[in-house]
Amino acid sequence: MSISAVAREAGVSTSTVSRFLKGQLQLSGDTEARIREAMTATGFSVPRRRVQHLALVIPELSNPYFAQLTQALTDAAHHRDLEVSVLVSDGLEARERTIVAKCARGGGLGVDAVAFVSMTGSGTLLADVPDDFPFVTLDERLDGELAGHRAFVGADNFEGAYQATTFLLSRGHRRIAHVAGPGHLESARDRLRGYLRAVRDAGLEVDPQLVLEGTYSEPFGAHALSRILRLEDRPTAVFAASDVVAVGMAAAAPMHGIRIPEDLSVVGFDGIDQSSWVTPRLSTVVQPLEEIARHALDLVDAANDGAEPTARVLPMELRIAESVAPPPSAP
């Protein structure tokens, strides 16, 4: 049914109905009631307008990975004539929840949808998001039952980690350390699982001393290197769960008299631009950021249209550079 049919049923002009539905006209209670009754009688439903203003909630911009993900999404949004506001949560659960609640319930921000990247993995904030508000999670899955009712797009962290570890094994390494991310994040757990599966598939025992868990940061990478070098039976290679961590290790290596890759091979994860700036250039598993961004916007539009939420997990690609060589004892 059309607006004109609603207007006839309610006994008002078509422009009155149109302006009322657009929020441009304040009506008396009686007139508003007649219009709403006419909408019910004629079976008219208000079409949702397309999303025009998206909030991207990101943990931080100092981490190059998040900065590049932000750039990829804003580039894709601008090609669709979509305005984007970038909001930084500082990776704090309370701040994540405050920002999302303000976006989803008005709060003067004026956004139509949210694309959300978490550093806590907590899905409790979804309780503050109305069911019909377009909300898409990127990169990091959220925990809890409510997360299953929201769309998600990210990369295949398990397979990417499996590729990285298998590559090191193919070069002859048998003692491979894994510098893992925070254990409360599903992405970090998936990368650890990929590493463990690759080691076991090669018929090797997993040495718990070779798994170190910490933050995705350069200081943790430097700290992890010093811990690895104190082991009696040192590894000959490292799979770092983040390029930022791997860069931290590469920066600290000369202070310990370690040459990469002659003494220690290193593979990172994410494919950030900075992985090509260090010497030697870092081998890494590349996140498909442009694809993640495009799919995220598609999912925002689908959520706005009332579609059932879906999860899209995209493949990753190993980019081989100069940071990997055979182990020092190999001929």
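In this predicted model, 52% of the 331 residues of the protein count as buried, where buried means under 20% relative accessible area. The protein exposes about 15,600 Å², and carbon and sulfur atoms supply 49% of that area.

The overall form comes next. The secondary structure comes to ten helices and twelve strands. Because its radius of gyration is 25 Å, well over the 20 Å that the globule rule gives for 331 residues, the protein is more spread out than a compact globule. Along the principal axes, the C-alpha trace spans about 90 × 35 × 30 Å. Among contacts in the protein with a separation of 6 or more, 71% are accounted for by residues 24 or more positions apart.

Six of its six residues are buried, so β1 is largely enclosed by the rest of the structure. His53, Ala55 and Val57 point one way from the strand, whereas Leu54, Leu56 and Ile58 point the other way; the residues of both groups are buried. β1 pairs in the parallel sense with strand β2, residues 83-88, over six bridges. Within this pairing, Ser85 of β2 is the bridge partner of Ala55.

In helix α2, residues 14-21, the buried residues include Thr16, Val17, Ser18 and Phe20. What covers the buried residues of α2 includes α1, residues 3-10, and α3, residues 29-42.

How values were computed:
Residues numbered from 1 in each chain as written. Predicted model: local features only at pLDDT ≥ 70, side-chain atom pairs only at ≥ 80, totals over all residues. Heavy atoms only, no water. Buried < 20%, exposed > 50% of the residue type's maximum accessible area, 1.4 Å probe, protein only. Helix = DSSP H or I, 4+ residues; strand = E, 2+ residues; numbered from the N terminus. Contact = heavy atoms within 4.5 Å. Rg over C-alpha atoms; globule rule 2.2 N^0.38 Å. Areas by Shrake-Rupley, 256 points an atom, 1.4 Å probe, with all protein chains shown as cover. Pairing = 2+ DSSP bridges.
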